[in-house]
Each structure stands twice: as structure tokens, then as C-alpha cells.
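Please look over the structure below before reading on. Keep it in view as each residue comes up.

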Amino acid sequence: MKLDLTSPRIMRALLPPVSLALLLTAIFIIQPRAMSFMGLNLMLNLALPIALATIAQMFIIAINDIDLSIGSFVSFVACVGATLLNDTPVLGVAALAGCILVYALVGALVQWRNLPSIVVTLGMSFVWLGAAVLILPSPGGSAPAWLQAIVKFRTPIVPFALVASAVLALAVHLFLMRSSVGTVLRGAGGNPQAMARAGWSLLKVRMSMYALAGFFGVLAGLALVGLTTSADANIALRYTLLSIAGVILGGGEFTGGRISPIGAVIGALTLTLAGSLLAFLRISPDWQIGAQGAILILVLALRALVNRAERKSA
């Protein structure tokens, strides 16, 4: 069977990796020394927590919701990891488990009361931020030694961040896209009415997806504090927008349950490397957020053209 690379569906799937490849090419042209193990390791140092936060956001977007609290939640988890988890591990683990439970209850509230997720999660962002300030009023704390050892593990040839991100993408893809459970969970975003008529509980599905988001948000916070070795209540606030952008860059849609775990991780890596590219171009940090937004708009414009071609060919 001949593969048609001009097919809109194939072009849609190729857009995330091609965007990443072009970005890497530009970086290597501007700074050839980045084309090394050490160079990649430095550029992708914080890629894993961003990828985990993006996967967390992806679970929410898969059911047509959006989570505006993931950034402050990751910050809260980082504060717990640098204080409770280090000083009183049992209490720290209990607090993190409670965080996942709270996420599931937020999903139940959204479903039960038919509330807009954007409003509920915006409110929760202030709750998580306030809780983080209470736990760690000023930057500090210390990540557990075992956590630092895990996230700073040195792999041969390829940086650990790339290996871990690849494993993450594959594991979530197999669970969400290839398993019967994943089909049911995604179905609640694609056609919730049909799922309800088939006897599936939309409340349980939404709670499950929010709990999964909370679980990966916890992993993101722990990975972040392990890499930085200390925490701050504001350490990951920008992860909210980065996670949303990563899902969309990776081929996800805000409606219809259309997502791509592998694409989401690639989108997270692309956004991480975009910061390095802008630094190599000597763009002021004050302008880097705007420049990242311009990169996102360019990719989304290409996505819009591909989507239009896909609809015409349907």
C-alpha cells in the first residue's frame, strides 16, 4: 500500500514532528555546539515536567474541558515535594494522594452541576496557589535525594529527558489510544450522548480523566522540584499556557475528543526548545513569551490549512 504524504490526515500527523525537526535544525545552524549530548541535555533540562503537565492537560481537553489550574497545581506539588515529602514522607505521600482525589472531585463537580470547567479550574488555581504559599511562603525547601537521583539519571547517547519523554508518550498512547478503557474515556469527549445511551457513566469517566490529570500533574511537580532541588509557589505558573499550547501543537482539538499523546509530548518538547532558540537569537526575556506565541500562531495557521484540506477531502 502506497503512503500518500499529501493526504491531509498524514500531513496532520506529520506536522508536530516536522515542526520539532525544523526547530532543531534552526538551533543547530545558529549554535552548532548545541548538536551534542551536553547541548541537548541543557536545552531539554526542563522538558520532562513540561511534558508531564502537557499530558495532564491533554486528559482534560480529551473530554472537551480545559484546566486553568495546572500551573498552580504543579507549583503546589513542587512545594509539597520540597517540604513535606522531604521532612515527613508519609504525610507528603498522603498530601499528594489527596491532591489526586481533589482533582477527581473537581471533575465530579463539573459534571454533576454542569459547570464550565474553565470557571471551576480558574477558581481552583487560586486555591492551589494559596495552599502553596501557606506551605512555602518564600522560595526554598529541598527535594528528597532519591527524587533528585531519579530525574537527574544520566543515560548514554541520548539525554534522560528525551528517553523519559519517549517512554511517557508511548505508555499514554497505548493506554488511551489502543486499550478498551482508553476508547471509553475518549468517547466521552467525542460523543458523550452516545456514551450515556450505551450505559456508561459520564460522571465516572470525567472523574477518572480528572484523576489522571491530577496524577500526571503530581508527577510534573515532583519532576520539576527534583530538577531544581528547591521550590517556589510561583515556580510553574507558566505551565498552564505551555500545557495547552503543547496539546494543540501536538494535534489536539478543544472539542470532539481528538487528541494525540505522542503529538502532545512532541509539542511540549517543541515549546521547550523554542525558548532555547529565542535565547540563541539574543531575544530579550521580556519578548520571549510574545515570540513563543508567534511560533504557536504560525504552527496553528498551518494546522488550519491542513484541517481545511481534510474537510474538503472528506
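## About the model

The model is predicted: local features need pLDDT of at least 70, side-chain atom pairs count only at pLDDT 80 or more, and totals for chains, interfaces and linings use all residues. Residues are numbered from 1 along each chain as its sequence is written, and side-chain values use heavy atoms, with hydrogens and water left out.

## Aromatic rings

The whole structure has seven aromatic pairs. Rings of Phe, Tyr and Trp (its six-membered ring) pair if their centres lie within 6.5 Å. Planes under 30 degrees apart count as stacked, over 60 as edge-to-face, and the rest as tilted. Take Phe 153 and Phe 160: their ring centres are 6.1 Å apart and their planes meet at 75°, so this pair is edge-to-face. Phe 160 is buried, at 19% relative accessibility. Buried means under 20% relative accessible area, exposed means over 50%, and partly exposed lies in between (1.4 Å probe, protein chains only).

Phe 73, Phe 76, Tyr 103 and Trp 128 make up one aromatic cluster.

## The salt bridge

Side chains of opposite charge can pair when their charged atoms come close. A salt bridge is a side-chain nitrogen of Lys or Arg within 4 Å of a carboxyl oxygen of Asp or Glu. How many salt bridges does the structure hold? It holds one. Arg 206 pairs with Asp 65, and the closest N and O atoms are 2.9 Å apart. Arg 206 sits in helix 12 (residues 202–228) and Asp 65 in the loop between helix 3 (47–61) and helix 4 (70–82), so the bridge ties together parts that are 141 residues apart in sequence. Both Arg 206 and Asp 65 are buried. Helices (H or I, at least four residues) are DSSP runs, numbered from the N terminus.

## The cavity

On a 1 Å grid over the protein atoms alone, a cavity is a set of points where a 1.4 Å probe fits but cannot get out. Grid points are joined across faces, edges and corners, and a volume is the space filled by probe spheres set on the points. The count is one cavity of 30 Å³ or more. The largest cavity holds about 40 Å³ of space.

Lining residues have an atom within 4 Å of a point. Among them are Pro 16, Leu 249 and Thr 270. Helix 1 (8–30) and helix 14 (261–280) each supply at least two lining residues. Helix 14 gives the most, with three.

## A buried leucine

Leu 168 belongs to helix 9 (residues 160–178). Is Leu 168 buried or exposed? Leu 168 is buried, at 9% relative accessibility. Its C-alpha atom is 8.0 Å from that of Leu 52, a residue 116 positions away along the chain.

## Two positive phi angles

Most residues other than glycine have a negative phi. Asn 64 has a positive phi, near 65°. Asn 64 lies in the loop between helix 3 and helix 4, and is partly exposed at 32% relative accessibility.

Thr 229 also has a positive phi, about 70°, although it is not a glycine. Thr 229 lies in the loop between helix 12 and helix 13 (239–249). With a relative accessible area of 27%, Thr 229 is partly exposed.

Conventions:
1 Å grid on protein atoms, 1.4 Å probe; cavity = no way out; pocket = protein on both sides within 12 Å on 5 of 7 lines; lining within 4 Å.
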